[in-house]
Amino acid sequence: MALLSFRSPAARARPVEPGAVSLEALLEGYSIEVMPRTADKVEDFRALLPVGTRVYIAHIDGTPIEDMVHTARRLARDGFEVMPHFPARSIPDAQTLADWIARYQDEANVTEGLILAGGIPEPRGAFHCSMQLLETGLFDKAGFKRLHVAGHPEGNRDIDPKGGDASVMEALRWKQSFAERTDAKMALATQFAFDAGPVIAWADRLKAEGIDLPIHLGVAGPAKLQTLIKFAIACGVGPSLGVLQRRARDVSKLVKPMEPTEILRALARHKVENPDSLIERIHFFPLGGIKTNAEWAIANGGASAKPANAH
């Protein structure tokens, strides 16, 4: 099965052909990730994103908290749900964490966060994993309504350096237990993938092992093949990298953007056939640009992707 399609902009806007699975239901409530520097390039988010879209703000190590808060304030002002990253290894101590939470709440009324280890190998201070941040109790104390944590459908060499997923699964069981103790709603936000089959199998396995956290599945937005390969290697994507490498053998496709149409249609079919699936939402990584990703969603998502300013 082809996992990603290559279509012209004109073809992207065509109605879904008879008998095909519509993406409208799957894309309802989708989220998207930005960074302060990429958000600065967007003149008007309301022209691109649906009302109330959850926008994650990635906190790359070294990004000043002032830049993060500025982006959060802008998005909140425009009516979007703001979910900044809280990267454990970049936070030196509990006092800094409390300060960040206070700044987000005072200036942008933030009550959501993605709690994760972070992208650097060595911690700056006291924290090295998301569980330690959660254990501080600071998010519950601040009244956070939603806490997302990382999910790894293809494993994570950072957590399980020898391969397998024993440590990843142990961490997920801890997070499941924490979800039962906190008043906040929790979900798993995953790394991007390109193949629906392994992701669906992973979701089924979690459920079989008693983990019922909703999955907000990461999907790469439209981007050039070279860009996707670069990010896949940097992020440690496993089986999906093989998909891209096989695509790369066709030179004619190297200059054409790859779109997530086929994987999303496969997931949409799965959701129709399995309405109790843990896969709850789609989370876009706009690797080819925020505007490009949003315009693809608008062309393919029907009412679910209608921009805020189009109402």
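1. Among contacts between residues at least 6 apart in sequence, 80% join residues at least 24 apart. This holds for a predicted model, in which the protein has 13 helices and 10 strands, and in which buried residues make up 50% of the 311 residues.

2. A run of parallel pairings can be followed from strand to strand. Strand β4 (residues 112-116) pairs with β5 in the parallel sense over 4 bridges, and within this pairing Gly 113 has Leu 147 of β5 as its bridge partner. β5 in turn pairs with β6 over 6 bridges, again in the parallel sense, with Arg 146 bridged to Lys 185 of β6. Finally, β6 and β7 are joined over 4 bridges, also in the parallel sense, and here Ala 193 stands opposite Val 219 of β7.

3. Which of these strands are covered? Strand β5 (residues 146-151) is mostly covered, since 6 of its 6 residues are buried. Strand β7 (residues 215-220) likewise has 6 of its 6 residues buried, and it is therefore largely enclosed by the rest of the structure. In β7, Ile 215, Leu 217 and Val 219 point one way while His 216, Gly 218 and Ala 220 point the other way, and all of these residues are buried.

4. Lys 185 deserves a separate comment. This residue is found in strand β6, yet it is exposed, with a relative accessible area of 56%, which is over the 50% cut-off for that class. Leaving aside residues up to four places away in sequence, Lys 185 touches Lys 145, Arg 146 and Leu 147. The separation between Lys 185 and Leu 147 is 38 residues in sequence but 6.1 Å in space, taken from C-alpha to C-alpha.

5. The second largest pocket contains about 280 Å³ of space. Its lining is made up of 20 residues, and those that lie nearest the centre are Gly 29, Tyr 30, Gly 52, Arg 54 and Arg 281. The elements that give two or more residues to this lining are β6 (185-193) and β10 (279-285), and β6 gives the most, with 3 residues. By class, the lining of the second largest pocket has 7 nonpolar, 6 polar and 7 charged residues.

6. How are the buried residues of helix α13 placed around its axis? In α13 (residues 290-300), the buried residues are Ile 290, Asn 293, Ala 294, Trp 296, Ala 297 and Asn 300. They cover an arc of only 160° around the axis, and so they lie on the same side of α13. Just after α13, Gly 302 takes a positive phi of about 55°.

7. Asn 109 may be worth checking in the coordinates, as its phi is near 55°, a positive value in a residue other than glycine. Asn 109 lies in the loop between α5 (94-108) and β4. Is this residue buried or exposed? With 61% relative accessibility, Asn 109 counts as exposed, because that value is over the 50% cut-off.

Terms used
Residues numbered from 1 in each chain as written. Predicted model: local features only at pLDDT ≥ 70, side-chain atom pairs only at ≥ 80, totals over all residues. Heavy atoms only, no water. 1 Å grid on protein atoms, 1.4 Å probe; cavity = no way out; pocket = protein on both sides within 12 Å on 5 of 7 lines; lining within 4 Å. Points joined across faces, edges and corners; volume = space filled by probe spheres on them. Nonpolar A, V, L, I, M, F, W, Y, C, P; charged D, E, K, R; others polar. Buried < 20%, exposed > 50% of the residue type's maximum accessible area, 1.4 Å probe, protein only. Contact = heavy atoms within 4.5 Å. Arc of directions from axis to C-beta. Pairing = 2+ DSSP bridges.
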